[in-house]
Amino acid sequence: MDCQTIIHNSVCVEAQITITPQVTVGEIQSYCLGNPIIGGCPNIPIPRCSFRISQNICIQVPLTFSANASATPPGIVCAEPGIGECVLTPACTYTIGYFKNHPNVTNALITDLGDSIILGIDDSGLSYTVTTSNANDVLDFNTESPPAPSDPSFANQYQVLYAQLLAANLNVANGATCPFATSAIAAANAFIAMSPAGGMAGAPTYQMPLAQYNEGSAPGCPLRCPDDMF
């Protein structure tokens with residue numbers, strides 16, 4: 001008997017585009033300017049004239065990417081295969097509490113992202129690099145200070161922002177992406193990066209959309225996972 005199954009894998013298809021300059025010269029015309037001059041051309045030491053001309057051009061290249069799969073015994077594996085159909089759209093998102101209570105899930109996602117997630121932009125402002133060793137502190141609203149502001153008026157606001165931003169990054173890394181989340185994460189990163197050492201007003205404005213996304217109520221985004229409801 002034949003045993004049938006479905007497998008999936010992720011591949012990256014690339015193309016190299018080469019742009020070759022081309023100039024088409026039209027009909028060349030010459031015109032007499034004024035009367036003839038007795039002798040050589042004035043103020044021109046070399047009896048020849050050449051110059052360059054340039055033009056800015058926008059190159060638009062339509063591309064269509066595709067990939068064909070074939071199975072030839074004994075076959076090869078180009079990455080870690082998975083059982084079942086390709087997961088094209090994530091089913092749900094998880095909240096801060098889920099990632100805090102499931103460190104194995106959190107740590108695996110951080111590892112897949114290169115062992116760290118930057119909350120903010122590089123080392124700018126109050127940016128903070130999250131690893132598997134400090135992720136639980138961030139999710140527990142206990143990001144170390146600095147970079148978290150020590151000023152009580154801003155401290156808690158930034159602690160919540162760090163936690164929601166980390167959870168949002170983890171959800172995106174888990175496949176639950178949407179334009180709303182992308183914009184909210186970018187805005188929060190920019191706010192943190194431009195924050196002075198003591199913090200500044202506005203953190204709740206940037207953490208609220210992140211919370212909306214993590215809780216599954218953002219427009220056009222995945223719903224909250226059923227196993228994160230209780």
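Are Cys92 and Cys225 buried or exposed? Cys92 is buried, and Cys225 is too, where buried means under 20% relative accessible area, exposed means over 50%, and partly exposed is in between (1.4 Å probe, protein chains only). Keep in mind that this is a predicted model, where local features need pLDDT of at least 70, side-chain atom pairs count only at pLDDT 80 or more, and totals for chains, interfaces and linings use all residues. Residues are numbered from 1 along each chain as its sequence is written, and side-chain values use heavy atoms, with hydrogens and water left out.

**Disulfides**

- The count comes to 2 disulfides, taking a disulfide as a pair of cysteine sulfur atoms within 2.5 Å.
- One of them joins Cys92 to Cys225, with an S to S distance of 2.0 Å.
- That pair ties together distant parts of the chain, 133 residues apart: Cys92 sits in strand S3, and Cys225 in the segment after strand S6 (223–224). Helices (H or I, at least four residues) and strands (E, at least two) are DSSP runs, numbered from the N terminus.
- The torsion about the S-S bond of Cys92 and Cys225 is about 85°, so this disulfide is right-handed.
- Cys178 and Cys221 form a disulfide as well, with their sulfur atoms 1.9 Å apart.
- Here, too, distant parts of the chain are linked, 43 residues apart: Cys178 is in the loop between helix H4 (152–173) and helix H5 (179–193), while Cys221 is in the loop between helix H6 (203–214) and S6.
- About the S-S bond of Cys178 and Cys221 the torsion is about 80°, so that disulfide is right-handed.
- Cys178 and Cys221 are both buried.
- Number the bonded cysteines of the protein in sequence order and the pairing reads 1-4, 2-3.

**Around Thr95**

- Thr95 lies in the loop between strand S3 (92–93) and helix H1 (96–101).
- Thr95 counts as buried because its relative accessibility is 12%.
- Leaving out residues up to four places away in sequence, Thr95 touches Asn214, Glu215, Arg224 and Asp228, with contact meaning heavy atoms within 4.5 Å.

**Out on the surface**

- Val11, Val13, Ile17, Ile19, Ile57, Ile59, Val61, Leu63 and Phe65 make a nonpolar surface patch of about 830 Å².
- Patches take residues with over 30% relative accessible area and no salt bridge, joining like charges within 9 Å and nonpolar side chains (Val, Leu, Ile, Met, Phe, Trp, Tyr) within 5 Å. A salt bridge is a side-chain nitrogen of Lys or Arg within 4 Å of a carboxyl oxygen of Asp or Glu; accessible areas come from the Shrake-Rupley method with a 1.4 Å probe, and for residues only the protein chains shown count as cover.
- Ile57 is in the loop between strand S1 (7–8) and strand S2 (82–83), and Ile57 counts as exposed because its relative accessibility is 61%.
- Cys58 is exposed, with a relative accessible area of 73%.
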